Amino acid sequence: MDILLSNELRALYENRVANLDKQQLMPEHIHAIIDDFASRDGVTKTIIGQSFCGLPISCLSMGDGPKKVLLWTQMHGDESTATAAVLDIMHLVTAKLSSSLNANWHSLLTIHIIPMLNPDGAAAGTRENAQGIDINRDALALQTPEGKALNAVVEKIHPDFAFNLHDQKDYFRCGADGKSSTLAFLAPAFDAQKTINPARRSAMALTALMRLHANALLPAGIARYDDEFSARSFGDQITGRGISTILIESGHYPNDQYRQVARTMNVFVLLHALNMLCEESYWTTDEKLKELETTYWQISENQENKLCDLLIKDLGFAGNSYTTDIAIRKQSRFSSLTLVADIGDLHQQHGLNTFQGLGYTYDPGQSYLLNKELYLSNESYIELLKKGFSHFVGNINLIKNHSDYTVIENPKYWHDDKKMMKGLTPAGFLCKEGERKFAFVMGEILPL
C-alpha cells in the first residue's frame, strides 16, 4: 500500500484489529472484539441504549483525566470505515503499541467511544435505522432510540471534544486537481450565519493540526467538508452546546476497495488529535488559534460529484458526426450496477479510470433473444460480444452465468438512435474503422 510512507503509519497498519477489513461491518463482526476490550485493564463498557430492534449500543471508556472526549461511528449503518479505526485505536492504546500518544494520557483524558451507534442499519447495510430514519437528521426531534442514546451520553458527560465519524461517496474530489478526498474534515456550524464561537474555533484549530500532521502522508487527499448549517444534524447541535465538534468523512483512495488507507489515516489523525488534547498549552493561545483558523480555511474544499468511476473522453456518435464525453458511476457505493451519470462537456470531471475515446465511435449493439438455456463462461460470453450482442432479452432465468462479468438483461430502453441515455446502464461497443475494439460490460471497458 503506497500510502505507508512512515514507520509510524506502517506500524498502525500492521497492528490493526484482525478481520475488520470488510466493506461493511455488522454487529456480529465487533461483539467479541468489544467484549475483549471491556476485559482489559482500564476499560469500561456501558450499554447506553438499545436500537429500535433491541440490539445493545455499547460505549467503551478509558482514562480518568479531566478533559473528556467522545467519538462515535456508524450512525449511518453503511459507513463502517471509522468503526474499524476506533477499535484499532482501542487496541493500540490498551496494548501500549502507540508511540504517538502522550505517555500520561490516561491522567489527562477520559475517552468515550461508541463504535456502532446504528446496529440495525449496520446489519441491514442501510444508511438509516430500522425505522427508516436518518439518525443524523434526528438531533431535534429525537424520534429514534439511537439518537436519544447519543443525546443522553452528550448531556451526561458534556465532552470537551466530540468526533463524528462517517464515510462519504467515492466521487468527492479534493479541490480542483482531480484527486479523491480520502479524508474530509469539518468543524460544523451551529447557526445559519456560520458564527464562530470558542468551541468551533477550537475545533477548527485542532482540525488544522490534524491536517498538518497528515499532509506529508496524504498531500492531495485531504479536504474540508461543506459547512452549510443543518439544524437537524447532531454535529451542528452539539457545537451549539459549546462542545468542540469535528466531523471526519472517510473516502476513496485508488485501488483500495475496502478503504484500508482511510481506516489507517483515521487512526493516525485521531491519535495525533488525542495527543494534541494532552498538550493544549502550545496551540490554544489566542495568537495560535487565530493562525490555525486561517490554516483551516486553506484546506481544499471537498467537491461533490466531481469524480466518476469511468470517464470516456471525446467518443464519437452517429457515425462520428459529433463527439462528447461520458461519465459512468456506480448506482451506490456497494452496488455492481453502473449508470451513465452525465453526457456532454465534462472537462471539469475526473475519472477514477479514464479512456480516450477520440477516433472511436459508439455502437449500442444488438439484443440476444433468450429462448433456451444459455450457459455463459468467460470465453462464450466474449464470443457473443464479438458477434455484436451487448444485452439479453426474454426469460432471464434461462441464463446460467458462470462468467466473471455481469450481464445486462431486459433493459428498459434501448439506444436505437445510437446515443447513450443518462440514468441507464451503459452497454454496447467502441468501434474503430468499422471493427468492434472494446465492449461495455457493466461499467468496464473490455478489450475484444
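Contact here means heavy atoms within 4.5 Å. The model is predicted.

Under that criterion, Ile48 touches Ile57, Cys59, Ile114, Ala149 and Val153, leaving aside its neighbours within four places in sequence. Ile48 belongs to strand β1, which covers residues 43-50. Asn410 lies elsewhere. Between Ile48 and Asn410 there are 49 Å in space, C-alpha to C-alpha, and the two are 362 residues apart in sequence.

Helix α9 was examined next. This helix comprises residues 260-278. Its 19 residues should span 27 Å at 1.5 Å a residue. Helix α9 is mostly covered, with 19 of its 19 residues buried. Buried means under 20% relative accessible area.

Two packed helices are described by the angle between their axes and the distance between the axes. The crossing of α3 past α9 is right-handed. On the α3 side, the contact is made by Thr81, Ala82, Ala84, Ala85, Asp88, Ile89, Leu92 and Val93. On the α9 side, Ala262, Arg263, Asn266, Val267, Leu270 and Leu271 take part. By class, the residues of this contact are ten nonpolar, two polar and two charged.

Helix α1 covers residues 7-14. From α1, the residues in contact are Glu8, Leu9, Leu12 and Tyr13. They meet Gln260, Thr264, Met265, Val267, Phe268, Leu271 and His272 in α9. This contact holds seven nonpolar, three polar and one charged residue.

The crossing of α7 past α9 is right-handed. Leu206, Leu209, Met210, His213 and Ala214 form the α7 side of the contact. Met265, Phe268, Val269, His272, Ala273, Met276 and Leu277 form the α9 side. Ten of the residues are nonpolar and two are polar, with no charged residues.

Backbone geometry was then considered. Most residues other than glycine have a negative phi. Arg259 has a positive phi of about 60 degrees although it is not a glycine. Arg259 sits in the loop between β9 (244-250) and α9. Its relative accessible area is 2%, so Arg259 is buried. Asn19 likewise is not a glycine, yet has a positive phi of about 70 degrees. Asn19 is placed in the loop between α1 and α2, the latter covering residues 27-38. Exposed means over 50% relative accessible area. At 58%, Asn19 is therefore exposed.

Methods
Residues are numbered from 1 along each chain as its sequence is written. This is a predicted model: local features need pLDDT of at least 70, side-chain atom pairs count only at pLDDT 80 or more; totals for chains, interfaces and linings use all residues. Side-chain values use heavy atoms; hydrogens and water are left out. Axes are lines fitted to C-alpha atoms, for helices over the stretch in contact, and angles run from 0 to 180 degrees between N-to-C directions. Helices (H or I, at least four residues) and strands (E, at least two) are DSSP runs, numbered from the N terminus. A crossing is left-handed if the near helix is turned anticlockwise from the far one by less than a right angle, and right-handed if clockwise. Ala, Val, Leu, Ile, Met, Phe, Trp, Tyr, Cys and Pro count as nonpolar, Asp, Glu, Lys and Arg as charged, and the others, Gly among them, as polar. The expected span of a helix is 1.5 Å times one less than its number of residues. Buried means under 20% relative accessible area, exposed over 50%, partly exposed in between (1.4 Å probe, protein chains only).
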